[in-house]
Every structure is written in structure tokens, then in C-alpha cells.
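Open your viewer and get ready to click along. We will go stop by stop, and each stop tells you what to select.

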Amino acid sequence: MYPGTFDYHRPQTLKEAVELLESSRGNARILAGGMSLIPMLKSRIVSIPALVDIGKIDELKKVETGKDHLIIGSMVTDHDIEESRTVGEMFPLITEVSRWIGDPQVRNRGTMGGSLCHADPSGDWGACFLALRGKALVTGPKGTRKIDSDSFFSGPFSTSMNESEILTGIEFNQIDGMNGHAYEKIERKAGDFATVGVAVQISIDEKGKCTYAGIGLTSVSSSPIRAAEAEKEILGKPVTMKSIESSARIASEHCDPSDDPLRGSAEFKRYLVGICTKRALIRAVKEAGGVI
Ligand SMILES: Cc1cc2nc3c(=O)[nH]c(=O)nc-3n(C[C@H](O)[C@H](O)[C@H](O)COP(=O)(O)OP(=O)(O)OC[C@H]3O[C@@H](n4cnc5c(N)ncnc54)[C@H](O)[C@@H]3O)c2cc1C
């Protein structure tokens, strides 16, 4: 199908893009990679009077590092994230997750920024963003602000950004200690959205005590969620197989999957959360040098 008609704007600067959004009074939408928005327009799930294509704004296409943090510009594609040595060295979890997004065609255009703003309950980036406690860097008519990952998603396909704001980048702060990571995704077929996805980031000290635990789940609630209760089960003490199994059980109890005809029952997904969390924790703890 063809989309309905819309005005098309291609600003050269962030300021211009914000002004366009503000003056449209809620009638314009940002176009990033278009991998979610264009199919929705073509199938007429949405009809939008104006698109603001931010593909010409170079400042949004950078990967920047500071002493203890990484910022991925909102227009950096999944492919460029996958290929970035800087990203891989600082946050290998991000690199691992990037390889699970759709297929090479999707990754060539799709962006982490677009995926987070789209807030699909099954998006892979959401789980990673939550596990690493990322921050969304947002600019609007009133200036800039940072939104913690814990308060970013506000429901299915919605975020706490307002309609005149643009996500400019995603910030990740370095995690001290010996680190390990893993992303476990179950999908029906290669390139599919997750039936269940579990992102884990762990840090342990020299004595084997867990000093950081991040567990993000996708496809098991109305938006990607952090398994905070499961994190508490392993944090602040040496990680053992018993605490891993207990943490995995808590993650499966605290999520809220729904039955769906394509990917299975809620009960099945809960079971998978337990399996994937256990696998991801074991892999992450071993990588961090922990003995379990
Ligand atoms: C065949 C196929 C397979 C896929 N498989 C997967 C998968 O396995 N896992 C997965 O997680 N995703 C998957 N996706 C989705 C893909 O990751 C999309 O790229 C992503 O959801 C949207 O990113 P985008 O850059 O294309 O954003 P767009 O489609 O351009 O935008 C999406 C939404 O976000 C808004 N937006 C975008 N950028 C900004 C910004 N900077 N500031 C404010 N608002 C913004 C737009 O207005 C729009 O509402 C798949 C998509 C396709 C077509």
C-alpha cells in the first residue's frame, strides 16, 4: 500500500528540527531510519501530516567517548554500532545486541535512537538500555535534559519524551570492576522480533562479590523492563549457582508476558525468561572471571 500524503522536511541542524516539531503542534514526527515508521505509514496504521527527516544532521551521527562514558548519537545506525571498535571495547553487550536486530538490511538503516523512541515492547535495544542503565539525551524547545532508562518507557509504543523533543543520543556510563555481559534471545526464525530477550551486565570485584547487576527483559511486558528484584538477588555478595537460579526464577515471576498466537503462551514465555536469565547470568559471571 501507499502512505497518505504528508509534508516532508529535511532540516540541516538540530535547532531547525526542533523548531519544525514545535511549530507543527503535534502534527509532525521525526523520521530516522524509517524501518518502523515507513511500514506503519504504508500500511496506514498511522497517518502523519508531516515528517521531519533528521538524516542530514551530522552531529547526531557520532559515537563519542568521555573519560568514563560513551554517547551513541541517535542517528548512528545499528550496522555502525555493530562495526564500532570503540563501542565493542567499552560495552560489548551493545555489540552483541546489535547483531540480533532484524537482518543486515534493517541494520543498515535502523538506529538505536529510533528503536528506543518507537518503544516496541519487543525491541532488543530496550533490554540493553535498561541493563546498562543508559540515559536518553533529549533536546526540545525548552533546552536539553537526560532521561534515565528506568523512566524512559511509559507503555507500549510510548515514552516519557514529549512531542516537540528529539532524542539526540544515548549515554552509557562505564561500570567499574571486572565486567561480563550476555544477551540471550529466543526468536521463531532468524531476524524475527524476540519471543523473549534477556540482556545482562555484571560486574564483580576481586573477591568475587557482585558490585553491579543489570538485567533487562524484552517481549514480556507492555514495554521493555528491568528485572530489579532479580538483580537484588545477586548484588552485594559472591555469585553462586544457587543465587543465579534464584535470580532467574524471580525474573520469570516478576515479568508480565501475554499469550499470543505467533510466539506462544504467557506460561511458555515465563519459562523462557527463567532459562534465558540463567544462561545469560552464567555466561556473564564467567566472563567477568567469577567462579560458580
Ligand atoms: C523486517 C524488520 C525486522 C526487524 N527486526 C527487529 C528485531 O529483531 N529487533 C528489534 O529490536 N527491532 C527490529 N526491527 C525494528 C528496527 O529495529 C527499527 O529500526 C527500529 O524499531 C526503528 O528505528 P528507525 O531508526 O528505523 O526509526 P524510525 O522508523 O524512523 O522511527 C521510529 C519511531 O521513533 C521516532 N523517532 C525516531 N528517531 C527519533 C529521535 N531521534 N527523536 C525522537 N523521535 C524519534 C519516529 O518519529 C517514529 O515514531 C525490525 C524492523 C523490520 C522492518
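Before we start, one sorting rule: Ala, Val, Leu, Ile, Met, Phe, Trp, Tyr, Cys and Pro count as nonpolar, Asp, Glu, Lys and Arg as charged, and the others, Gly among them, as polar. The model is predicted, so local features need pLDDT of at least 70 and side-chain atom pairs count only at pLDDT 80 or more, while totals for chains, interfaces and linings use all residues. Residues are numbered from 1 along each chain as its sequence is written, and side-chain values use heavy atoms, with hydrogens and water left out.

**Stop 1: the ligand**

Next, look for polar contacts (pairs of N or O atoms within 3.5 Å). Pick R29: a polar side-chain atom of R29 is 3.1 Å from an oxygen atom of the ligand. At A32, a backbone N or O atom lies 2.8 Å from a ligand oxygen atom, and at G102 a backbone N or O atom lies 3.0 Å from a ligand oxygen atom. The protein covers 89% of the 980 Å² of accessible area that the ligand has on its own (Shrake-Rupley method, 1.4 Å probe).

**Stop 2: the cavity**

A cavity is a set of points on a 1 Å grid over the protein atoms alone where a 1.4 Å probe fits but cannot get out, and its lining residues have an atom within 4 Å of a point. There is 1 cavity of 30 Å³ or more. The largest cavity has a volume of about 40 Å³, the space filled by probe spheres set on the points, which are joined across faces, edges and corners.

Select its lining: S115, L116, A119, D120, G123, W125, G126, F153 and P224. These divide into 5 nonpolar, 3 polar and 1 charged.

**Stop 3: a hairpin**

Finally, select β6 (135–140) and β7 (143–148), which pair in the antiparallel sense over 6 bridges (pairing takes at least two DSSP bridges). They form a hairpin with 2 residues between them. Click V138 and look across to R145 in β7, which stands opposite.

Terms used. A polar contact is a pair of N or O atoms within 3.5 Å; within protein, one must be able to donate a hydrogen and the other to accept it, and residues adjacent in sequence count only if both atoms are side-chain atoms. On a 1 Å grid over the protein atoms alone, a cavity is a set of points where a 1.4 Å probe fits but cannot get out, and a pocket is an open set with protein on both sides within 12 Å along at least five of seven lines; lining residues have an atom within 4 Å of a point. Helices (H or I, at least four residues) and strands (E, at least two) are DSSP runs, numbered from the N terminus.
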